[in-house]
Amino acid sequence: MYDIIIIGAGPAGISAAVYGKSRGKKVLVLEKKQVGGLIGTVSTVTHYTAIEQKETGSTFAQRMKEQALGAGVEIRYENVTETKLAGEVKKVVTEQGNSYESKTLILANGGSGRMLGIPGENLKGVRLNAAKDGLQYQGKNVYVIGGADGAVKEALYLAEIAKKVTIVCVEEELVCIQEFKDKVVTHDNIEIMPHTSLTAVYGDKAAEELEFTDNKTGKKQLVKDAECGVFVYAGIVPNTQMYTELKLDGGYIPVDGSMQTEIPGVFAAGDICVKKIRQVATAVVDGAIAGIQAAAMC
Ligand SMILES: Cc1cc2nc3c(=O)[nH]c(=O)nc-3n(C[C@H](O)[C@H](O)[C@H](O)COP(=O)(O)OP(=O)(O)OC[C@H]3O[C@@H](n4cnc5c(N)ncnc54)[C@H](O)[C@@H]3O)c2cc1C
C-alpha cells in the first residue's frame with residue numbers, strides 16, 4: 001500500500017513526487033513512456049526559471065529524472081489503463097498486468113498531441129518530432145502545422161536545419177508570443193501560410209504530396225515534394241478517457257485550491273486540469289500543491 005501514487009512523470013508528476021517524498025511518504029510514479037513528459041520531447045525549453053542556456057527537452061528531462069531518483073522516488077514504467085478512485089483505498093491497474101493500491105492518487109498524465117483527422121496523417125514523414133527527426137531534414141523543405149507558441153518554437157529550431165520552413169496556421173496570423181514573432185521575421189527561410197489547413201497527405205508508404213485548403217476561399221493547393229517533412233503541433237487533448245468517475249469540464253479535470261478533485265484523496269496536477277495557462281511553471285506549481293496536500297492526508 002502506497003501513501004501516494006502519481007500517474008505521469010511529466011513536470012507535474014515529478015514535482016508532486018519530490019514534494020510527497022520529502023514529507024516521508026511512500027510514493028510511486030507510474031509512467032508509460034519516459035520521465036519528462038511533453039517537455040522532454042521538445043527541441044528547446046524556454047522561459048521556465050533557472051533553465052540552462054539552450055536547454056533542450058532531453059537535458060531538462062534528464063535533470064528531472066535525476067532529481068526524482070536522488071530523492072528516493074520509485075518510478076515504474078507502466079501504462080495505467082484503469083483506476084478506481086472512489087473509496088478510502090485507491091486502485092490503479094496497468095497494461096503490464098499489475099495493480100497497485102494507495103491512500104491518495106495524483107492524476108498528472110497530461111495530454112497527447114491532437115490528431116488532424118485527415119487522410120494520410122499516419123504516412124511516414126508526417127507527425128514528426130522536431131527534436132528527434134529534425135536533423136534528417138537538413139537542406140529539405142518542412143511544414144509545421146500550428147501557429148501557437150509550441151509550433152512556432154519548433155519552427156524556429158527547424159529553420160536552423162531545413163532549407164525552408166512553412167508554418168501553416170488556421171488563424172489570420174501567428175498566435176504565438178511576441179518574442180517568437182520577432183524571431184520569425186529574422187529568418188528569411190520561414191514562410192507563413194495563414195488561414196490555411198493541411199487537409200490531406202498522399203503517398204504510397206511515405207508522404208509525397210500535400211493538400212492545403214485556404215479556409216477563406218475553399219481553394220485547394222497541391223504541393224508535390226516526396227522529401228518534405230510534416231511536423232504537427234496542433235494543440236493537445238487531455239488524457240482523461242479512463243477517469244469515468246470524474247465529472248470533466250471540456251475533457252479537463254476540475255480541481256479546488258488544493259488541487260483536489262471532487263473525489264476525496266484524488267488530486268490532479270498540470271496540463272490535465274481545467275486551467276488557463278499550460279506551461280512547465282504552472283505544472284510544477286500544481287504538482288507541488290498536490291504532493292504537499294496529498295501527503296497531509298496520509
Ligand atoms: C511543442 C511544445 C513546446 C513546449 N514548450 C514549452 C516551453 O518551452 N516552456 C514551457 O514552460 N512549456 C512548454 N510547453 C508546455 C509544457 O510542455 C506542458 O505544459 C508540460 O509538459 C505539462 O506537464 P504535465 O506534467 O502536466 O504533463 P505532460 O508533460 O504531458 O506529462 C504527462 C506524462 O504522463 C504520461 N502518461 C500519459 N498517460 C499515461 C498513462 N495512462 N499511464 C502512465 N503514464 C501516462 C505521459 O507519457 C507523460 O510523460 C510546450 C508544449 C508543447 C506542445
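In which strand is the place of T81? T81 sits in strand 4, which spans residues 80–84. The model described here is predicted.

**T81 and its surroundings**

T81 has 13 C-beta neighbours inside 10 Å and therefore counts as partly exposed. Leaving out residues up to four places away in sequence, T81 touches V93, T94, E95 and M242. P264 lies 183 residues from T81 along the chain, and the C-alpha atoms of the two are 21 Å apart.

**The chain as a whole**

The chain contains 6 helices and 16 strands. Its radius of gyration is 21 Å, close to the 19 Å given by the globule rule for 298 residues, so the chain is as compact as a globular protein of that length. Along the principal axes, the C-alpha atoms fill a box of roughly 60 × 40 × 30 Å. Of the 298 residues, 43% count as buried. Taking contacts between residues at least 6 apart in sequence, 63% join residues that are at least 24 apart.

In soluble globular proteins, nonpolar side chains tend to be buried together. The largest nonpolar core here has 50 residues, and I6, I106, L107 and A269 have the most contacts inside it.

Neighbours within four places in sequence aside, I106 is in contact with I4, I6, A16, F267, A269, A290, G291 and A294. Another core, of 35 residues, lies apart from this one; among its members are L116, Y137, V165 and Y233.

Strands of a sheet pair through backbone hydrogen bonds, either parallel or antiparallel. In this model, 3 strands form an open sheet in the order 11-12-13, with antiparallel pairing. Strand 11 (196–202) and strand 13 (220–224) are at the edges; each has a single partner strand, so one side of each is left without a neighbour in the sheet. From one strand to the next, the twist averages 25 degrees. Strand 11 is joined to strand 12 (residues 209–214) by 6 bridges, and the two run antiparallel. S197 has T213, in strand 12, as its bridge partner.

Conventions:
Residues numbered from 1 in each chain as written. Predicted model: local features only at pLDDT ≥ 70, side-chain atom pairs only at ≥ 80, totals over all residues. Pairing = 2+ DSSP bridges. Helix = DSSP H or I, 4+ residues; strand = E, 2+ residues; numbered from the N terminus. Axes fitted to C-alpha atoms, helices over the stretch in contact; angles between N-to-C directions. Core = buried A, V, L, I, M, F, W, Y, C linked by C-beta atoms within 7 Å. Buried ≥ 20, exposed ≤ 12 C-beta atoms within 10 Å, placed from the backbone. Contact = placed C-beta atoms within 7 Å. Rg over C-alpha atoms; globule rule 2.2 N^0.38 Å.
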